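Open your viewer and get ready to select a few side chains with me. We will go one stop at a time.

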Amino acid sequence: MIALSVERAWLYTSTRVDVPALARGLVDHLDRGDVEAARKLVTAGRALEERVVADALEVWSRGPFAVEQILASSVARERQRYERYLTYLGTVGNNAPFIGLLGTVIGIIVSFQALGRNPKGGLEVVGPGIAEALVATAVGLVVAIPAVVAFNAFKAQIKARVGNADFLGRIILAAMSRPEAK
């Protein structure tokens, strides 16, 4: 889980892009009718937003309908790339508390069995089983909480990046709708 979180965090941080600056560059080039310069802004990009825009600009000459379709399909492809392995994090985050709870129940059962074998026993009889139960609960939470935090943080990043790609795609479509762009 840790390695997976680090790998995903690396992908998200290493592919950040300054979206407002990219948008200004796109608007500037497209307002001048220089689609090739706009392509050069994003061609070598690794970020979700850059890859989506690059795909859309590749089909500029085919018209707004083609650009819209490519924007949608490119966002879907990139979303898959960014969501890879997140199901695992979500599953671990959701199920680790139940595994901890199972350990808790087993620890309590062990404590009661020990008490049944020694009815006059006190804390020294039930204490070890209860301690195991509490450790199981703690381990379940120690695993679940970081997994859920990472899952939610990564999902929020994806949502923001898809929104950025939509924003940039709308800039392209708006530029295409100008009479001189046709």
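**A tour of the aromatic rings**

Select tyrosine 82 to begin: with a relative accessible area of 0%, tyrosine 82 is buried (under 20% relative accessible area; exposed is over 50% and partly exposed lies in between, with a 1.4 Å probe and protein chains only). Before moving on, note that this is a predicted model, where local features need pLDDT of at least 70, side-chain atom pairs count only at pLDDT 80 or more, and totals for chains, interfaces and linings use all residues. Residues are numbered from 1 along each chain as its sequence is written, and side-chain values use heavy atoms, leaving out hydrogens and water.

How many aromatic pairs does the structure hold? There are 2 aromatic pairs (rings of Phe, Tyr and Trp, the last by its six-membered ring, with centres within 6.5 Å; planes under 30 degrees apart are stacked, over 60 edge-to-face, the rest tilted).

Next, select phenylalanine 154. Its ring centre is 5.0 Å from that of tyrosine 12 and the planes are at 65°, so the pair is edge-to-face. Phenylalanine 154 is buried, at 8% relative accessible area.

Finally, show Tyr12, Tyr82 and Phe154 together: they form one aromatic cluster.
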